[in-house]
Amino acid sequence: MTKTLVMGNYTETDLAALRAEFDPVFLAGPDDLAGLREDARASITAMAYKGHAPFGADQMDMLPNLGLLANYGVGYDSIDTAAASARGVKVTNTPNVLNDDVADLAVGLLLCQGREMMQASAWARSGNWAKHGEYQLNRKVSGSTVGILGLGRIGREIADRLAAFKMDIHYYSRSEKETPGWTYHDDPIALAGAADFLIVALVGGKETEKFVSEDVIAAMGPRGVLINISRGTTVDEAALLDALEAGRIAGAGLDVFLNEPDIDPRFYALDNVVIQPHQGSGTVETRAAMGQLQRDNITAFHAGNALLTAVN
Ligand code: NAP
């Protein structure tokens, strides 16, 4: 009998749906694969994966009959897709259903930075408002220039939202896109130099590692604010921390970090950084839609139908 393996930390609702549809085997993470008996591993043909731990050739080789690796999330940088293709394993992800939430969070981070909402809230809560008067003047967001690094699905949703803030939209992508008059840059350094707020919406993985380099950060200048909702890997984090600590850029709004959730403690000492715990797609509604799309791919695979959102 073929089995579906469910790996990762799922909500009770997702678990109930997975149980109802697939009668699956559950494991917490890739390290637990070795604990499954060989015949149990051999029975697995499809897998639901949720997590950021690397899943590569070694793990796939422990599942010799795996045909589908369905990822929960649009970013599949933790999965070695070349190793999957070489073994005839199809990989799927959950694009589009999370665009709105991630774009909303990016805009929220931008507003928090410009209007100093975290600091202003602390000012009121601490009693300073009553004792010392109004909070310091901050920075106008509407009408300023934003640079979107990666005008993909999420990047475009961010740009659409910020266009409504009357912002001048600049972007970098590997090729120029059809846009309503937005300014294209073929170089991330030029984009950083043009923007007040630089928002990173790139894919993660080896190809975009440290794409926001020391030079890109330097080009932002002392008024520059970096927002990152992509992956921690896309930014040279050491260079970012140095620039933030030295005041060479104004601030950052970050949902993603290297070594999550054990992020570099230097971030906690910086009051010009708004920290979010990688919660871009973390609403009840969107996570339900992501779970549904993941299950729909598995159902299609078991039925021999075309996959909905294959990436290889
Ligand atoms: P997408 O539509 O594939 O867009 C990705 C962007 O990355 C595109 O603009 C693409 O450039 C660019 N890109 C891809 N490979 C590149 C390379 N080698 N060099 C330079 N640029 C490259 O992806 P999406 O759906 O918008 O998602 C983007 C990322 O957001 C995901 O991969 C994930 O890591 C992250 N994410 C984060 C959260 C969160 O909770 N914070 C939630 C969901 C997703 P072109 O425009 O030239 O194709």
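How far does a backbone N or O atom of V203 lie from an oxygen atom of the ligand? In this predicted model, the separation is 3.2 Å. A polar backbone atom of I154 sits 2.8 Å from a ligand oxygen atom, and a polar backbone atom of I229 is 2.9 Å from a ligand nitrogen atom. On its own the ligand has 930 Å² of accessible area, and the protein covers 88% of it.

The loop between strand 11 (251–254) and strand 12 (273–275) contains P261, which is joined to E260 by a cis peptide bond with omega of about -5°. N259 is placed in the loop between strand 11 and strand 12 as well. The phi angle of N259 is near 55°, a positive value in a residue other than glycine. N259 has a relative accessible area of 60%, so it counts as exposed, the cut-off being over 50%.

A positive phi, near 55°, is also found at K166, again a residue other than glycine. K166 belongs to the loop between helix 8 (153–163) and strand 7 (168–172). Its relative accessibility is 67%, and K166 therefore counts as exposed.

Conventions
Residues are numbered from 1 along each chain as its sequence is written. This is a predicted model: local features need pLDDT of at least 70, side-chain atom pairs count only at pLDDT 80 or more; totals for chains, interfaces and linings use all residues. Side-chain values use heavy atoms; hydrogens and water are left out. Helices (H or I, at least four residues) and strands (E, at least two) are DSSP runs, numbered from the N terminus. Buried means under 20% relative accessible area, exposed over 50%, partly exposed in between (1.4 Å probe, protein chains only). A polar contact is a pair of N or O atoms within 3.5 Å; within protein, one must be able to donate a hydrogen and the other to accept it, and residues adjacent in sequence count only if both atoms are side-chain atoms. Accessible areas come from the Shrake-Rupley method with a 1.4 Å probe; for residues, only the protein chains shown count as cover.
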